[in-house]
Number of protein chains: 2
Amino acid sequence: MRATTIHAPGDIRVSEVPDPTITAPTDAVIKVTAGCVCGSDLWGYRGENDITPGNTIGHECVGVVEEVGSAVTSFRPGDFVIVPFDHCDNTCPHCAAGAHAGCENLGFTVSGQAEYALVTQAEGSLVKTDGQPDASLIPSLLTLSDVMATGWHAAVAAGVRKGGTAVVVGDGAVGLCGVLAAHVMGAEKVVAMSRHEPRQAIARQFGATHVVAERGDEGTAAIMEITGGVGADSVLECVGTGQAIDTAFAIARPGSTVGFVGVPHGVELPVRRMFQKNIGLAGGMAPVRKYLPELLQLVLDGTIDPGLVFDATLPLDEVAEAYRRMDQREAIKVLIQP
Amino acid sequence: MRATTIHAPGDIRVSEVPDPTITAPTDAVIKVTAGCVCGSDLWGYRGENDITPGNTIGHECVGVVEEVGSAVTSFRPGDFVIVPFDHCDNTCPHCAAGAHAGCENLGFTVSGQAEYALVTQAEGSLVKTDGQPDASLIPSLLTLSDVMATGWHAAVAAGVRKGGTAVVVGDGAVGLCGVLAAHVMGAEKVVAMSRHEPRQAIARQFGATHVVAERGDEGTAAIMEITGGVGADSVLECVGTGQAIDTAFAIARPGSTVGFVGVPHGVELPVRRMFQKNIGLAGGMAPVRKYLPELLQLVLDGTIDPGLVFDATLPLDEVAEAYRRMDQREAIKVLIQP
């Protein structure tokens with residue numbers, strides 16, 4: 001099949017690789033309808049994460065079941081499915097407790113930007129639609145494989161509540177989905193920290209009541225003004241850098257919780273501030289499967305339209321251009337059509 | 001008055017210092033009935049925290065109101081009161097949200113091992129008993145000024161719940177109180193990690209169902225065996241060292257929360273493990289005033305007897321010996337009588 005592969009920082013190609021095949025009874029092979037590039041793919045692209053040259057890349061996709069293993073009974077070829085980036089059995093003690101990202105049989109999508117993708121725990125991970133969805137729904141459904149579920153997880157972890165103030169640090173696709181999540185959960189003030197006009201616009205479409213363009217101490221001062229000097233009831237940290245973490249803990253009110261979903265890079269948590277101010281940290285890799293049924297319903301009934309985070313669509317052959325645009329912040333998120 | 005002062009690591013003296021006086025309308029002066037030495041006092045004693053030579057030391061006490069400022073209306077001279085180590089106004093937005101340790105008017109007891117102590121926010125901080133308590137109750141009431149409230153906070157922060165498994169890292173007075181808290185809150189399994197026989201005995205009196213004497217990898221293995229390989233539902237970190245934090249995150253199950261109340265020293269939080277396993281961190285300096293009414297009731301009705309953590313009582317003149325015994329782990333906690 002044709003698949004996106006990474007060979008060195010900045011070196012993204014479309015290569016011919018073996019089709020994924022069923023090797024375990026829990027497997028399924030998905031024919032990818034749409035994939036996309038994730039902010040976390042850029043860590044390797046930028047040389048900030050080690051890569052294995054020649055490996056496929058891409059962990060977000062939706063598609064149609066091509067083939068299933070013998071233990072997969074709820075899905076059959078032809079089903080349209082959302083593929084959580086993190087695969088889980090949905091039965092182990094961790095899944096049963098809602099911590100699907102800690103599943104004893106955890107797996108990951110590794111060829112989401114390709115013609116086919118393998119799901120290692122298909123029965124526990126996949127969620128299907130009734131029939132084939134309208135093409136207009138594909139972008140929003142695609143976000144459910146990662147970024148919308150991840151933004152939702154940030155809001156859950158941060159304890160967003162009706163009437164409270166939620167601040168979202170990070171204006172990538174996950175941060176924007178965090179804004180949407182906080183809005184849907186009923187936060188009265190939803191603050192997007194963003195200095196990029198197109199992203200600010202989507203944040204407002206998603207329910208942001210305030211936009212703060214400043215960073216660092218000025219950003220903190222702006223949040224303190226919005227919150228009457230108290231600090232935010234909930235902070236959603238959707239970046240993963242040391243600066244974003246520092247901002248998150250600077251603006252969180254005493255006794256609150258920072259919900260973090262940005263894969264941490266070079267982060268040193270401010271443990272003394274956390275202790276002195278009783279500011280907790282929760283979150284991590286999103287338990288996508290846990291939220292999927294609820295989020296799918298919200299998409300299908302038109303409550304949320306997270307697909308707006310896609311501001312470009314490119315064919316698989318141009319995936320390198322998709323990476324370039326996202327790396328340069330010329331695009332928020334690029335949908336890839338195999 | 002006579003007060004405990006610290007002059008250098010290991011150099012604890014009883015000195016004549018000026019009596020505390022009312023300088024703000026929110027102040028009260030307390031004649032100390034009983035004070036004690038806290039594990040956190042040992043940081044300075046051991047040279048691991050900077051000290052100001054000649055300063056008074058000691059933040060835990062109970063006593064009788066001697067004098068109050070003009071804004072203090074609920075207390076009068078003669079009232080027996082419990083003095084939270086952290087003083088708060090109990091009215092600011094942070095107190096109103098239950099985060100009393102983040103009070104906008106935060107203060108601290110600084111001469112708890114002395115004849116008199118000053119409370120800077122008396123109205124918001126103090127809780128009194130009906131009349132003078134029986135002498136037998138003094139030790140338990142004294143624990144409410146810090147260690148029992150702090151152990152309780154660890155359990156609350158860790159989300160201890162009925163039927164769950166709670167593991168307490170640390171067998172100091174706070175850790176033992178954490179065991180008691182987890183037991184009262186209905187945890188089915190309460191595991192004390194302790195290798196000191198006298199502390200193990202108190203842990204069992206306080207409701208520990210299991211004692212794990214091993215540390216490091218062996219300790220983790222023991223907890224995994226007790227929890228059927230899943231990890232603890234709640235972990236109470238009551239030490240504050242890097243090793244204790246590492247143990248706490250090693251034994252916490254995915255999706256759970258480590259409640260931490262040990263003042264962090266040399267701690268680097270394992271942010272990647274926290275992210276990958278969705279293990280949160282909550283807690284910090286205890287909002288003592290928040291819990292005081294409930295804990296006082298539990299002491300008065302005989303449900304809890306946290307005063308058992310005191311295994312020695314010394315007169316103020318022998319406070320240096322109290323520090324020596326606690327430093328050498330010859331005593332768990334020493335009550336000081338002025």
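Two residues are said to be in contact when heavy atoms of one lie within 4.5 Å of heavy atoms of the other. In this sense, and in a model that is predicted, A:Ser125 touches A:Ile82, A:Pro84, A:His87, A:Cys88, A:Val119, A:Arg289 and A:Leu292, where residues up to four places away in sequence are not counted. The residue itself belongs to helix H3 of chain A, which covers residues 122–125. A:Ser125 has a relative accessible area of 0%, and because a residue counts as buried when this value is under 20%, A:Ser125 is classed as buried. Two polar contacts of its side chain were also found: the side chain of A:Ser125 reaches the backbone nitrogen of A:Cys88 at 2.8 Å, while the backbone oxygen of A:Gln121 lies 2.6 Å from a polar atom of that side chain.

The arrangement of the two chains was examined next. Two copies of a chain are related by a rotation about an axis and a shift along it. Here, chain B is superposed on chain A by a rotation of 180 degrees with 0.0 Å of shift along the axis, and the RMSD is 0.0 Å. The two copies are thus related as by a two-fold rotation axis. The same surface serves both copies, since 100% of the contact residues of chain B recur in chain A. Of the residues of chain B, the one that comes closest to the rotation axis is B:Leu281, with its C-alpha at 2.6 Å.

The interface joins 31 residues of chain B to 31 residues of chain A. The size of an interface is often given as the accessible area lost when the parts come together. Between chain B and chain A this buried area is about 2,700 Å², and carbon and sulfur atoms give 66% of that area. B:Val271, B:Phe275 and B:Asn278 supply 24% of the area that chain B buries against chain A, which is more than any other three residues.

Between the chains, 11 residue pairs are in polar contact, with both residues at pLDDT 80 or more, whereas the count of salt bridges is 0. On the side of chain B that touches chain A, the elements giving two or more residues are helix H2 (93–96), strand S15 (252–260), helix H10 (271–277) and strand S16 (280–283) of chain B. The largest share, 5 residues, comes from H10(B). By type, the residues on this side of chain B divide into 19 nonpolar, 10 polar and 2 charged.

Conventions:
Residues are numbered from 1 along each chain as its sequence is written. Chains are lettered from A and ligands numbered from 1 in the order in which they are written. This is a predicted model: local features need pLDDT of at least 70, side-chain atom pairs count only at pLDDT 80 or more; totals for chains, interfaces and linings use all residues. Side-chain values use heavy atoms; hydrogens and water are left out. Copies are superposed by least squares on the C-alpha atoms of residues with pLDDT of at least 70 in both. Buried area is the accessible area (1.4 Å probe) that two parts lose on being put together, summed over both. A salt bridge is a side-chain nitrogen of Lys or Arg within 4 Å of a carboxyl oxygen of Asp or Glu. A polar contact is a pair of N or O atoms within 3.5 Å; within protein, one must be able to donate a hydrogen and the other to accept it, and residues adjacent in sequence count only if both atoms are side-chain atoms. Helices (H or I, at least four residues) and strands (E, at least two) are DSSP runs, numbered from the N terminus. Ala, Val, Leu, Ile, Met, Phe, Trp, Tyr, Cys and Pro count as nonpolar, Asp, Glu, Lys and Arg as charged, and the others, Gly among them, as polar. Buried means under 20% relative accessible area, exposed over 50%, partly exposed in between (1.4 Å probe, protein chains only).
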